[in-house]
Amino acid sequence: MQLINKLFMDIITKSHFDQFKKQYGYEQKPEDEAFELFSIYCIISKYVKTDTVSKTLLNDLNVGNGGDWGIDGFIIIVNGKVITNQQEVEDLLAVNGTLKATLILIQTKTSSNFNVAELGKPLDGAEYLLKDVMEETNLPSCNEDIVQYRELVKFIYSKSADFQEGQNPTFIVYYVACGDYKAQADFKARISKTSDFINATDLTSEFRCEILGKKELINYYKNTKSKIEVDIKVERKIPLPEIEHVDESYLCLIPFGEFKKLIIDADNKMLNDVFYDNIRAFQGDNTVNKAMSESLRQGDINLFAAMNNGITIITKVLKTTGVNIHLVDYQIVNGCQTSNVLQHNLDVPGIDNLMLTVKLIASRDKDIRDKIIVGNNSQTEVKREQLVALLDTQKYIEDYYNAQNQFEKLYYERRSKQYRFDEVPPYKIITIPFQIKAFISMIMGEPHKVSGYYGSIVEQFDKNGIKVFAPDTHPALYYTSALACYKMTEGFSTNLIPRKYKKVKYHLLFAFRLMCEQFPLPQSNSHNIQKYCDHICSILCDDEKCERGFRAAIKLVDEALQGEPRDRDRTSSMFTNTLKKLIDKVNAIKQTQK
């Protein structure tokens, strides 16, 4: 495959590909495997722009491993979030009340040739998936990763009564190669064959197949680095009183004809990434949104404006030139419901003339931005756990990461994509979801409780009177658990840890702590915590000791499982308790030998 890469990957493609490998630490990975991950990264970034794409997530989405039905990458997006297990679907349904799903299959080739037979493999895979939903039998055998995703797809369809506005999932197949694709009749015919089959099942709201050559793929990659910016005309604005650390702020009246540039793309689809800090996803056809929509449909444009509480926008850069305002990296922190209702009613006569009350605030200060976000979202029915990124504890953890100079340098991402334009390797960024799952599984000893959506995980612990981010918890515990999870991800990437243990990776993380700790875990605010954490970190940062530690953890996991890891083991409290009992036996034996 190295030879193929040299022959067929042109210098421009290779330049971007090499940059990606360096940023994600894939420089030693075989070129064909790294290219699969590169393609998955480029494509997932098109759909999920607000979250940092972690190395752990890329590894989870990469299913090409023989018996893969022609699928190298498998992405499932539900309510704007990438999901990898059933509990995450349940949690998102509980939070939003409805589900909106997109299924994406990816097939990649480092060759410059586009082969219709190769294209047919993922298209067949798409058909197999829907046949599986329809309970057809005699499907080809497949690897464990595909089995897991098959079950996840079937689970999503079992919730069809909760699909948003009754719409079935969107289904997209991507075929990627390193050449220049030109439309061919045999390709069109092959796509039509699968399209006809899928449309006949009535299981999708839309099916399409995208063929990406090197130019398209590189454009996708470049877009991952582009800023969100727009120009709008604002003729009526009043400066707000001067605020410390706020560059400019205005109260504006903006016609929807201008405002829609902020929220709608060229295809009249929502720019969901500008609502990341709004906290609350679109709630669909609830009572309030239905009333707003009806007022528009009845021609009561002015009534709509009276019903609306106003919209708040935070931007990092605001440049005014007469009536023109240029915004860079802006977020709509209050107004998600209003914006979505308006987008759903673009065909209403005169809607472009509807006047919206908008606060525009320009600030690069993270603390000021946090206060504005909390202030705007605490006025609505938002769970406090969903504001977890804005707590003082988060800043304390971030400060500890920044001050860390003894062990491996990691970067805590308290706010989404805060390192986007910094020289920080993405694979060393620790996101809040990553941190939560690492801390709960390794330090709190509850690896069976981290399969859901991270906001719901925190909420569940809070209901039981346990704070995942308690103010008195020593920050070294967060860093240590993240470092261990980071090293485990590297282990999977380099095949140091066999792929089959991905099913129970959080139990493996817990087992690593049990096998490597020098003395029992002290209270989270004890002065002995630093010593405890430094010992584990010193093992993690020594390649030989780290490998021995994970091999010992694997041995403990194998003894607890008494067989091959299964998907259901990830949520098994019995499995967790068995690990604890086994380590108690080991410690008891050590005590008798002293």
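How many cavities of 30 Å³ or more does a search of the whole structure find? The search finds three. The legends below describe close-up views of a predicted model.

**Figure 1. The largest cavity and its lining.** The volume of the largest cavity is about 70 Å³. Its lining consists of Ser 54, Lys 55, Thr 56, Pro 426, Tyr 427, Ile 429, Ile 430, Phe 434, Tyr 486, Thr 489 and Glu 490. Two or more of these residues come from each of helix H4 (55-61), strand E13 (429-431) and helix H18. Helix H18 provides the largest share of the lining, three residues. Sorted by class, six lining residues are nonpolar, three are polar and two are charged.

**Figure 2. The second largest cavity.** This cavity holds about 60 Å³ of space. Thr 56, Asn 59, Asp 60, Met 488, Thr 489, Phe 492, Lys 502 and Lys 505 form its lining. Helices H4 and H18 each contribute at least two of the lining residues. The lining comprises two nonpolar, three polar and three charged residues.

**Figure 3. The largest nonpolar core.** In soluble globular proteins, nonpolar side chains tend to be buried together. The largest nonpolar core in this model has 140 residues. Phe 74, Ile 76 and Leu 508 have the most contacts inside this core. Helix H18 (residues 475-493) supplies the largest share of the core, 11 residues. A second, separate core has 37 residues, among them Val 230, Leu 262, Val 274 and Ile 311.

**Figure 4. The surroundings of Leu 508.** Leu 508 is one of the residues with the most contacts inside the largest nonpolar core. When neighbours within four places in sequence are left aside, Leu 508 is in contact with Met 488, Phe 492, Ile 497, Tyr 501, Phe 550, Ala 553, Ile 554 and Val 557. Two of these partners, Met 488 and Phe 492, also belong to the lining of the second largest cavity.

**Figure 5. The buried side of helix H9.** Helix H9 spans residues 214-223, and its residues Leu 217, Ile 218, Tyr 220 and Tyr 221 are buried. These four lie on the same side of H9 because they cover an arc of only 155° around the axis. The elements that cover the buried residues of H9 include helix H2 (11-24) and helix H3 (31-47), together with strand E4 (170-176) and strand E5 (206-212).

How values were computed: Residues are numbered from 1 along each chain as its sequence is written. This is a predicted model: local features need pLDDT of at least 70, side-chain atom pairs count only at pLDDT 80 or more; totals for chains, interfaces and linings use all residues. Side-chain values use heavy atoms; hydrogens and water are left out. Buried means under 20% relative accessible area, exposed over 50%, partly exposed in between (1.4 Å probe, protein chains only). The arc is that of the directions from the helix axis to the C-beta atoms. Contact means heavy atoms within 4.5 Å. A nonpolar core is a set of buried Ala, Val, Leu, Ile, Met, Phe, Trp, Tyr and Cys residues joined through side-chain atoms within 4.5 Å. On a 1 Å grid over the protein atoms alone, a cavity is a set of points where a 1.4 Å probe fits but cannot get out, and a pocket is an open set with protein on both sides within 12 Å along at least five of seven lines; lining residues have an atom within 4 Å of a point. Grid points are joined across faces, edges and corners, and a volume is the space filled by probe spheres set on the points. Ala, Val, Leu, Ile, Met, Phe, Trp, Tyr, Cys and Pro count as nonpolar, Asp, Glu, Lys and Arg as charged, and the others, Gly among them, as polar.
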